Amino acid sequence: MTDIARLTKSELIEEVERLRKLNEELAAVSGGNGRFDEDELFDLAEEAEGDELFLVTETGRFVYVNNAALDMLGYSEEEMIGLSMPAIDPNNSRAAWLGRVSRLKQLGEAEVYETVHQAKDGEIQAKQITALYVSYRARNYVLCIASRIEPTVEEPAVTLVRSRERILMQTVSDGVLVVDTRGSIVESNSSADRMLGVAKSEIIGRSCVDSRWRLVDSDGSSLSISNHPLMITLVEEEPLFNRRINMLTTDGTRRMLMINASPVFDESGALTGAIGCIRPYEDSVERREQQLREERQNAMSRAVVQAMVTAGSADDLERQFCEAMVQRGEYALAWRGVKKDTDERIHPSCSAGDATDYLMKIKVRYDDSEYGNGPLGRAIKSGEVVVVQDLSADASYAPWLSQADRTGLHSLAAFPLIHDGEEAGLLSLYSRDRNHFTANELGRLKELVSIFANGLVLRQRIEHARSLHSTFGTQRALLEAYEDLLPVAVARFDHREPFRCEKANRHFAELVDEPFHSTGVEGSFVSDFMYSVYHRDLYQQLQTAAKTGAAGADDVLFTDWQGQEMRWSWRIIPIAGSAGQEELLYVAYRLDGSPAPTASLPAAQESVPTKTKAT
């Protein structure tokens, strides 16, 4: 036994504290609530109405609940002591409770408010609470006295709404996370549990940026607090839409997720937390829009290549090109403008789209006036592509803005048409959407416009020279000029069996096996160099074209001998040879992957059973 008379002052204080803690521990062992007296606590509440009593820490944890409250909520004493206030009171989140405690400290008097308690069986009970910040047995607590509010006509509706919220949260396919003002997760649905790959018991109470979720930035580093959409929403108190984050899967690969987040406020307007809806990027609206864009771009590419082959004149080419941009690219207006020696205006040469009336109501110049310093004037003077994502935000577009608004045009891209140092005017594309010209689409458009400019210049040169007098001759000469320009496989064959190859470009040579891959195929027959594994029925298709006049197919799936799947568009067209004889022209264009052919030709049929020589 310690001799108290020999203790110093500081040692005496430590001994008293030790004995006090020991007394509390013994009381807890002997009855759990032995250190709390219900009558004393009701006396502290003075005249508060109610028979349910809760003693709660400043952080919201229950330390004492009387029998009346336990009976009302349906919990045992052991279950209740392990809970905190938000577990039974959905209106008192952790953040809301801390704010209430702060007010009680400042006021120094009781606060009366109405809320609802959720019983163990899910029943919603309307309550009136009298809360008071008290000091009891040398410790500070919040003392709550609750009384049941009798159900009114509106009470079943409140319960029904909350029930619907819970049902909706658990049945939606999107993952849903609810966080408090500190970013700690207070609720999640089963979809979110599956996406995060963690049991709900390990999710609730943890931070939304916890390392268990394996969230990473684009560079592979762990997602920081400042970059997490839910944390950004809490700080800025504004909703965020379609934010992308990456999550590492169990095998180490990345999975992209799309998050929409919104702040949550209470009736007084105070921030209480945020809610986030998570969806795999593959299932998102943005991904579907991207796929539609890719399909449109592929359709534009096919239409442009076909125009290069079939157009018989420069006028025919620009008409087909503008129509392809409108029909395949879904632009509201596509038009080509040209210069004339009579003035400094940009004159429409060809247009397509349902907004063509717009051109009748505007004038565009390339001088130094306000009509010459807009996007189109700058593009034709500088020789550089000019893109305006929002016409209303571009001050230089002011002379045409009112008419553009009435027509419903909101963004544009202007492409100078130049090939081999020769100008061929300006191509302008208009969209009804703002911010339409994304980086990927703009890159594809530049390639197609470059091909269009090449076609215009070459056709104009040929037309001026008047060296060819028939459509077949024009097509043959143009395609010979394009053999090293277009990313297509081109070959000319004798019109009669056994179809000797008269000429083939380097892309066509890349499609055949050795030794022809190195030596070329000119002078050889189809049956010598084209095996069935590459093009099973080329011989038959040449026969068809020789008899009927043409053969071909669009968007054909072809699998080569290595198992690689590719999509192709190809044509066989009768043309006139240099000596006036008939020839067959073969043109193939790959739709997916690298635009230049690399492994095989497309087949008009889907499978190749064996590697046998065509007959």
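1. The strands E7-E6-E11-E10-E9-E8, in that order, form an open sheet of 6 strands with antiparallel pairing. Strand E7 (185–188) and strand E8 (215–216) stand at the edges with a single partner strand each, so one side of each lacks a neighbour in the sheet. Two strands pair if DSSP finds at least two bridges between them; helices (H or I, at least four residues) and strands (E, at least two) are DSSP runs, numbered from the N terminus.

2. This is a predicted model, in which local features need pLDDT of at least 70, side-chain atom pairs count only at pLDDT 80 or more, and totals for chains, interfaces and linings use all residues. Residues are numbered from 1 along each chain as its sequence is written, and side-chain values use heavy atoms, without hydrogens and water.

3. Strand E6 (residues 175–179) runs antiparallel to E7 and is joined to E7 by 3 bridges. Val179 has Ile185 of E7 as its bridge partner.

4. Two residues other than glycine have a positive phi: Arg137, near 50°, and Asn435, near 55°. Most residues other than glycine have a negative phi. Arg137 lies in the loop between strand E4 (124–136) and strand E5 (139–148), and Asn435 in the loop between strand E16 (422–431) and helix H16 (439–465). Arg137 is partly exposed at 42% relative accessibility, whereas Asn435 is exposed at 53% (buried is under 20% relative accessible area, exposed over 50%, partly exposed in between; 1.4 Å probe, protein chains only).

5. The peptide bond from Glu497 to Pro498 is cis, with omega near 10°. Pro498 is in the loop between strand E17 (489–494) and strand E18 (501–504).
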